[in-house]
Amino acid sequence: MKDLVGRLSALDPDAGAAVKVIAYFDRLVESRAGPEAIVRGAAVLAGCVARLSVPERRLRIRVGPDGQRLGDGTPPDQDWPHAELRPGGEFWLERPGPAGPVGAMVVERAVSAVHGVLDRTAVREPREVVLDAAAPVESRLRAARRLGLGETARAVALDAGRFRVESAGTPIPGEQRQGVGPVVPVLELPSSWAAARTALRFAATEPDPGPRVVHADELGGLAVLATAVGPDTERAPDVLALDRARSSAPWVLPTLVAVAASPSLRTAASTLVVHHSTLQERLTQGEHLLGWPVREPPGRLRLHLAIALWRLHRNLG
């Protein structure tokens with residue numbers, strides 16, 4: 001693209017500038033930028049004040065060529081370069097018209113990008129809007145009010161892409177598998193939603209007897225592991241060893257999960273409802289299958305990490 005812009009600029013400065021405009025707005029659209037970022041980009045590219053008004057959405061944005069947000073200003077002049085938006089909105093460049101090739105391209109691409117934002121936020125449920133960082137601030141605040149949320153709230157990720165958005169202090173039902181995001185100010189709910197989806201990847205699925213409700217703010221450094229495990233990530237040797245071990249007998253996985261999660265072997269035996277000596281016998285076989293000891297802290301930490309990685313590989317959604 002840079003080479004193309006350079007060649008076009010040498011032949012026709014306006015053509016090169018127009019390609020820059022196209023590339024700039026394409027990047028905004030790909031990043032799902034909100035209307036203010038679009039208006040700001042138009043103002044900077046055009047070198048003049050840009051204005052967007054969509055009364056139905058209560059959108060009024062006016063930005064100077066330095067990228068700073070401005071007040072409403074004087075009523076628009078019909079001689080300024082402008083275009084209508086649906087539903088009932090308008091976009092303006094505040095300078096005498098008619099627009100040159102570059103100004104016309106800025107107006108066209110800005111209007112197209114704003115239409116994309118309006119379409120994306122038009123018919124969605126309020127709970128979807130509050131989780132969309134690209135949605136206008138006004139839209140997210142309005143959606144939060146419609147949901148009856150207070151100043152703070154959290155997102156909860158469920159299986160099959162389902163989710164909840166709830167006020168701080170709402171009890172967590174423990175029956176279904178879920179990842180619970182941290183409580184945040186309502187405008188930060190997109191970050192709570194991202195954390196909730198990460199937490200869900202650590203929640204147990206059959207035949208894993210581990211926790212089915214995982215709180216993101218309790219993961220600590222384990223959350224970093226989620227960024228390192230994707231669909232194409234090769235499984236670590238310890239994960240492969242755990243998978244082989246769990247396939248050998250139905251009691252292996254519950255035993256290893258209980259040992260990894262318990263402060264002592266006696267607590268693990270109590271959790272499993274087996275005698276301490278029975279647990280010792282099972283651990284001897286389990287350690288043989290894994291290939292490392294798990295009764296001391298270093299081996300137990302290694303087991304804990306292997307289980308966490310195993311869950312992340314199983315829960316890639």
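Visitor: Where does Arg 62 lie?

Guide: Arg 62 is part of strand S2, which covers residues 59-63. Keep in mind that this is a predicted model.

Visitor: OK. Is Arg 62 buried or exposed?

Guide: Buried: the relative accessible area of Arg 62 is 15%, and the cut-off for buried is under 20%.

Visitor: And what does the side chain of Arg 62 make a polar contact with?

Guide: The side chain of Glu 94, at 2.7 Å. There's also the backbone oxygen of Gly 71, which lies 3.0 Å from a polar atom of the Arg 62 side chain.

Visitor: Which residues is Arg 62 in contact with, leaving aside neighbours within four places in sequence?

Guide: The list includes Val 49, Ala 50 and Arg 51, then the run Gln 68, Arg 69, Leu 70, Gly 71, Asp 72 and Gly 73, and also Glu 94.

Visitor: There's another arginine I was eyeing. Which strand does Arg 154 lie in?

Guide: Strand S5, residues 152-158. Arg 154 counts as buried because its relative accessibility is 8%. Its side chain makes a polar contact with the side chain of Glu 166, at 2.8 Å.

Visitor: Which residues in H3 are buried?

Guide: Pro 35, Ile 38, Val 39, Gly 41, Ala 42, Ala 43 and Ala 46. Just past the end of H3, Gly 47 has a positive phi of about 70°.

Visitor: Now H10 and H11. At what angle do they pack?

Guide: About 135°, with the axes 8 Å apart; H10 is residues 252-261 and H11 is residues 265-272. That makes them oblique to each other, and the crossing of H10 past H11 is right-handed.

Visitor: Which residues meet there?

Guide: From H10 you have Pro 254, Thr 255, Ala 258 and Val 259, and they meet Leu 265, Ala 268 and Leu 272 of H11.

Visitor: Let's stay on Ala 258. What does it touch, not counting residues up to four places away?

Guide: Ala 258 touches Ala 268 and Leu 272. Ala 258 counts as buried because its relative accessibility is 8%.

Visitor: And how far is the C-alpha of Ala 258 from that of Gly 210?

Guide: Those two C-alpha atoms are separated by 8.0 Å, though the residues are 48 apart along the chain.

Technical notes
Residues numbered from 1 in each chain as written. Predicted model: local features only at pLDDT ≥ 70, side-chain atom pairs only at ≥ 80, totals over all residues. Heavy atoms only, no water. Helix = DSSP H or I, 4+ residues; strand = E, 2+ residues; numbered from the N terminus. Buried < 20%, exposed > 50% of the residue type's maximum accessible area, 1.4 Å probe, protein only. Polar contact = N/O pair within 3.5 Å; in protein donor to acceptor, adjacent residues only side chain to side chain. Contact = heavy atoms within 4.5 Å. Axes fitted to C-alpha atoms, helices over the stretch in contact; angles between N-to-C directions. Parallel < 35°, antiparallel > 145°, perpendicular 65-115°, else oblique. Left-handed = near helix turned anticlockwise from the far one by under 90°.
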